[in-house]
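This briefing covers the ligand site of the structure below and the annotated positions around it.

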Amino acid sequence: MSQLSGKVQTVLGLMDPDQLGRTMTHEHLTMSFECCYFPPPVGDEAVAENPFHMRHMHWLRQNPYSCHENLLLQQETSAVRDELLVYRKAGGGTIVENTTTGLDRDLPTLKQLAKETGVHIIAGAGYYVDCTHTEATKKMSVEKLTDIIVSEVLHGADGTDIRCGVIGEIGTGWPITESETKVLRAAAHAQTQLGCPVIIHPGRNPAAPAEVVRILQEAGGDISKTVMSHLDRTIFDDGELLEFAKLGSYLEYDLFGTEMLNYPYNMEVDMPSDCQRVKTLAFLVKEGYEDKIVVAHDIHTKNRLTKYGGHGYSHILKNIVPKMLMRGISQHQVDKILIDNPKRWLTFK
Ligand SMILES: CCC(=O)NCCS(=O)(=O)O
């Protein structure tokens with residue numbers, strides 16, 4: 001048994017899991033998404049260069065990845081601080097900050113935000129998708145990657161003594177690359193050593209989540225302590241969703257607040273609306289998965305902050321919870337989704 005056993009690890013240190021409260025399991029507070037810039041539709045170049053006007057807000061919601069400035073969430077720490085204070089007032093307790101290596105993780109800023117707002121912040125260890133892996137990372141053995149991830153949890157990351165409390169989001173694409181496979185194996189090995197939570201960013205294909213689970217399992221990972229993110233843009237067929245749910249991971253619907261017609265990274269995908277997301281949650285609850293669902297907004301661009309007319313970090317607490325209750329999910333089940341499931345996942349074995 002390690003000193004972490006039975007605890008959760010925030011950027012301010014170890015904590016009793018009962019103190020977490022309502023938890024968003026997948027957010028970003030400071031990061032850069034420049035790695036995933038997508039050129040604007042032909043003819044829209046001028047808007048993309050000058051986006052932050054009321055008249056461009058709809059365009060930005062539809063094309064969030066086509067404007068360099070919108071991808072620099074790390075420039076908005078003051079606005080994020082204000083939003084975290086609102087989140088606390090709305091009944092929020094904890095945020096799992098999923099920024100990993102490749103996305104400009106900034107642990108000192110996370111620590112400062114936790115101190116200034118009283119929101120518990122849990123930071124992520126490991127690596128994002130292949131296109132952000134450096135040549136040095138790509139050359140590393142699984143053992144070396146494992147050592148780095150373990151050290152980020154036990155000793156601190158990025159040259160600081162600030163420790164991560166989850167592994168992930170571990171980034172994977174579709175098909176999963178050799179370097180991503182090594183990182184997944186390293187995440188599983190680190191999880192075996194530490195008994196810690198893991199969270200995965202799957203590729204944009206309905207087969208991707210199950211393939212990640214297969215790789216993790218083969219490397220000894222604990223799927224019951226693993227969250228599969230972004231299911232709202234990945235699995236659309238109810239039958240396929242239930243097949244995936246049987247594998248035993250937590251099922252994360254984390255794009256609440258995102259509504260767009262054309263999803264640029266995969267034009268086959270019809271991004272669901274928030275009403276459709278709630279409907280899917282109600283379906284999963286009816287099918288017996290109320291102990292496996294977790295939710296979040298995955299804010300990773302500026303336009304989703306309330307400062308720019310976005311929904312902010314309190315959207316689920318303020319708007320989605322009432323909708324869940326209206327659609328037959330009970331208060332007890334809502335509490336499981338927001339409090340009990342994140343707590344169980346985040347507690348070290
Ligand atoms: C870094 C944030 C992130 O990866 N978000 C997921 C975006 S998407 O793959 O669902 O478009």
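H28 is found in the loop between β3 (22-27) and α1 (45-49); helices (H or I, at least four residues) and strands (E, at least two) are DSSP runs numbered from the N terminus. The model is predicted, with local features needing pLDDT of at least 70 and side-chain atom pairs pLDDT 80 or more, while totals for chains, interfaces and linings use all residues. Residues are numbered from 1 along each chain as its sequence is written, and side-chain values use heavy atoms, without hydrogens and water.

**Annotated positions**
- The UniProt annotation "binding site", from an unreviewed entry, covers H26, H28, E169 and D298; such annotations may be inferred rather than shown by experiment.
- These positions spread over 273 residues of sequence but cluster in space, with a largest C-alpha distance of 10.8 Å.
- From this set, H28, E169 and D298 belong to the lining of the largest cavity.

**Ligand shell**
- The ligand is surrounded by 16 residues (a heavy atom within 4 Å), and Y128, R204, R233, Y263 and D298 are the closest.
- The shell divides into 8 nonpolar, 4 polar and 4 charged residues, with Tyr counted as nonpolar and Gly as polar.

**Polar contacts and burial**
- Polar contacts are pairs of N or O atoms within 3.5 Å.
- A ligand nitrogen atom lies 2.7 Å from a side-chain N or O atom of D298.
- Polar side-chain atoms reach ligand oxygen atoms at 2.6 Å from Y263 and at 3.0 Å from R233.
- The protein buries 99% of the 330 Å² that the ligand exposes when taken alone (Shrake-Rupley method, 1.4 Å probe).

Key: A polar contact is a pair of N or O atoms within 3.5 Å; within protein, one must be able to donate a hydrogen and the other to accept it, and residues adjacent in sequence count only if both atoms are side-chain atoms. On a 1 Å grid over the protein atoms alone, a cavity is a set of points where a 1.4 Å probe fits but cannot get out, and a pocket is an open set with protein on both sides within 12 Å along at least five of seven lines; lining residues have an atom within 4 Å of a point.
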